[in-house]
Amino acid sequence: MKLNFVCIGAQKAGTTTLHDILNSHPEIYLPTNKEALFFDINERYEKGLGWFYQTFFETYNQEKSIGNINPNLQLQNRSLERLHALFGNELKVVFILRDPVKRAYSHYLMSKRRGYEKLSFIGALQAEKERLISPVIRNNYVTKELGHYEMNHFGYCFRSRYFDTIKYLFETFPRENIHLILFEELFKNKRAKIEELLEFLSLPYSDQMNLEVQSNAAAEPRNEKLRDLVFQPNLLRSFFANILTEKQKAYFKKRLININNKPLDINDKKLETDERLKIFEKYFSEDVAKIENLTGLDLKNWRK
């Protein structure tokens with residue numbers, strides 16, 4: 001068994017939908033728990049690759065292509081370095097890029113929904129730099145590494161600036177093994193973009209795939225106490241964390257979230273155009289220009 005491809009993000013850029021589509025392909029194996037956290041979590045990485053396979057790939061049945069879709073692989077180049085060290089130049093890397101302001105706002109809504117974020121969106125953007133440089137110890141978090149929580153949950157701009165990640169990928173992996181997808185094009189021309197991706201993975205198209213699936217849509221909690229039971233440190237959560245397998249924890253967490261979530265009001269999903277453009281100019285214009293120069297991608301629609 002050997003990992004053939006990874007999708008490293010971006011978070012809130014359709015990775016769950018992509019996982020659900022590819023997971024229905026008969027020649028692809030993906031962990032049931034989409035974000036099989038390993039390469040970005042020091043404590044788990046130290047357990048070795050055998051633990052990774054045993055924990056997340058226990059139902060593997062000789063599928064041709066094995067993948068891992070985990071947006072947290074974008075958090076630090078260290079994860080990409082580990083991937084390259086273990087799998088070399090043969091590993092294929094997929095990276096979905098979304099309008100950085102829309103991605104950041106969707107990220108903010110998710111952190112707010114989970115009870116992590118109390119500030120307004122503008123307030124959170126203004127507080128981000130200080131949060132990242134002055135992290136605090138978080139109890140019952142997946143890793144004890146200081147700062148990982150802040151990058152993960154409060155890194156709205158941090159995770160929307162893609163240039164450094166793309167540059168590192170280009171410097172580390174063969175260019176032909178890197179596949180960049182624009183989120184907007186993926187959902188506008190889903191069939192064509194999935195066919196392009198499968199060609200990149202050297203796999204045929206399969207009619208068994210459900211292209212109509214749309215996963216992890218924006219939502220808000222029906223009950224904040226149930227939300228906090230799932231996402232905030234508490235004795236019950238600690239108890240079950242010690243007795244359940246990773247697969248069981250992921251299953252029950254997903255079930256509780258689905259039961260508790262309700263669709264977000266359409267007016268809360270979007271930013272006003274003027275506000276969005278101001279945020280783009282202040283936080284992202286320079287990074288996007290560098291991406292265009294490096295990749296040749298046309299990202300003018302992100303400026304509209």
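Contact is defined as heavy atoms within 4.5 Å; helices (H or I, at least four residues) and strands (E, at least two) are DSSP runs numbered from the N terminus. Helix α8 spans residues 163-172, and its buried positions are Phe163, Thr165, Ile166, Tyr168, Leu169 and Thr172. The model is predicted, with local features requiring pLDDT of at least 70 and side-chain atom pairs counted only at pLDDT 80 or more, whereas totals for chains, interfaces and linings use all residues. Residues are numbered from 1 along each chain as its sequence is written, and side-chain values use heavy atoms, without hydrogens and water.

A search of the whole structure returned two cavities of 30 Å³ or more. A cavity is a set of points, on a 1 Å grid over the protein atoms alone, where a 1.4 Å probe fits but cannot get out; lining residues have an atom within 4 Å of a point. Volume is the space filled by probe spheres set on the points, which are joined across faces, edges and corners.

The largest cavity holds about 50 Å³. Its lining comprises 10 residues, with Arg227, Phe231, Ile257, Asn260 and Asn261 nearest the centre. Helix α11 (224-231) and helix α13 (246-260) each supply at least two lining residues, and α11 contributes the most, with four.

The second largest cavity has a volume of about 40 Å³ and is lined by Pro31, Thr32, Asn33, Thr55, Phe56, Glu58 and Lys247.

Conventions
Buried means under 20% relative accessible area, exposed over 50%, partly exposed in between (1.4 Å probe, protein chains only). On a 1 Å grid over the protein atoms alone, a cavity is a set of points where a 1.4 Å probe fits but cannot get out, and a pocket is an open set with protein on both sides within 12 Å along at least five of seven lines; lining residues have an atom within 4 Å of a point.
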